[in-house]
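Subject: Handover of a structure and notes on its fold

Dear colleague,

Please find below the structure that I am handing over to you. My notes on what was found in it follow directly after.

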Amino acid sequence: RSKGLGPRQLIDRGALHLILRDVAERSGARIHDSRKLIRVDEHPDSVTAHFADGSSASADVLIGADGVHSTVRRLIDPDAPGARYLGLLGFEGTVDDAPDTASLEPGTMTFAFGRRAYYLYWKRPDGRIGWGANLPSPQYMSLKDARTVPADDWLHILRTTYANDVPGARLAAETTGETLQ
């Protein structure tokens, strides 16, 4: 924790998306789904987004919450650096609490350097333990590609990678295909 700064907060991405959408809709913001953005015109007091279907929308601000391969970023700043693969595949799982993680305080995240790879874990509000791993992988895989690999295959890799780590071995061993992301 940095001096003078509050603790970081953690929220599941899907839950955050629902909260943001709900707040935006309640405030009167119009959300345009399933349209392909092809051009952005910036004006002194507004911005206009043009879509492939011939429609357009104008507003005070355009928020580009369209992911790592952002069309908005590319259109408003063509020279902005693009995403690049860092050689890691990310995984997340949940398990029940156990003695080796019982002392974790809610709101605290532990970053661990295992014998073969890094991982992190934290106590969730529901009492379970959430954990994440970034496994080295020379080959890029899209989320769609990664989901074609059976969960049991990923679990085997995670269990092998963290077999000699505490609590990493237990976290990997107790994660199931239903709790692995």
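Please bear in mind throughout that this is a predicted model.

The sheet

I begin with an open sheet of four strands, arranged in the order β4-β7-β6-β5 with antiparallel pairing. Strands β4 (88-95) and β5 (109-113) stand at its edges; each has a single partner strand, so one side of each is left without a neighbour in the sheet. On average, neighbouring strands are turned by 20 degrees against each other, direction ignored.

The individual pairings are as follows. Between β4 and β7 there are eight bridges, and the two strands run antiparallel. F91 stands opposite A133 of β7 in this part of the sheet. β7 is joined to β6 by five bridges, again in the antiparallel sense, and here A133 of β7 is the bridge partner of Y119. β6 (residues 118-123) in turn pairs with β5 over five bridges, with Y118 of β6 as the bridge partner of F113.

β6 and β7 form a hairpin with five residues between them. In the turn, G127 has a positive phi of about 95 degrees. As for β7 itself, six of its eight residues are buried, so the strand is largely enclosed by the rest of the structure.

The helix across the sheet

Helix α4 (residues 151-161) lies across β4 and β7 (129-136), and runs at about 90 degrees to β7. Its buried residues are W154, L155, L158 and T161. Seen down the helix axis, these buried residues fall within an arc of 130 degrees, so they line one face of α4. As a general point, an α-helix has 3.6 residues a turn, so residues three or four places apart point the same way.

What does the buried side of α4 pack against? Its buried residues pack against β4 and β7, and also against α3 (143-147) and α5 (168-174). The face of α4 turned away from the buried side carries the exposed residues D152 and H156.

Seven aromatic pairs were found in a search of the whole structure. One of them joins F91 and W154, whose rings are tilted, at 4.9 Å centre to centre and with 55 degrees between the planes. Because F91 lies in strand β4 and W154 in helix α4, this pair ties together parts that are 63 residues apart in sequence. Both partners are buried: F91 has a relative accessible area of 12%, and W154 has one of 11%.

Two arginines

Two arginine residues may also interest you. R35 lies over the face of F51, at 5.1 Å from the ring centre.

Leaving aside residues up to four places away in sequence, R170 touches V95, D96, A98, D100 and T101. One of these residues, V95, belongs to the stretch 88-95 that forms β4.

In summary, the points I would ask you to look at in the model are the sheet in the order β4-β7-β6-β5, helix α4 lying across β4 and β7, and the pair of F91 with W154 that ties β4 to α4.

With kind regards

Key:
Residues are numbered from 1 along each chain as its sequence is written. This is a predicted model: local features need pLDDT of at least 70, side-chain atom pairs count only at pLDDT 80 or more; totals for chains, interfaces and linings use all residues. Side-chain values use heavy atoms; hydrogens and water are left out. Two strands pair if DSSP finds at least two bridges between them. Axes are lines fitted to C-alpha atoms, for helices over the stretch in contact, and angles run from 0 to 180 degrees between N-to-C directions. Contact means heavy atoms within 4.5 Å. Rings of Phe, Tyr and Trp (its six-membered ring) pair if their centres lie within 6.5 Å; planes under 30 degrees apart count as stacked, over 60 as edge-to-face and the rest as tilted. Buried means under 20% relative accessible area, exposed over 50%, partly exposed in between (1.4 Å probe, protein chains only). A charge sits over a ring if NZ of Lys or CZ of Arg is within 6 Å of the ring centre and within 35 degrees of the ring normal. The arc is that of the directions from the helix axis to the C-beta atoms.
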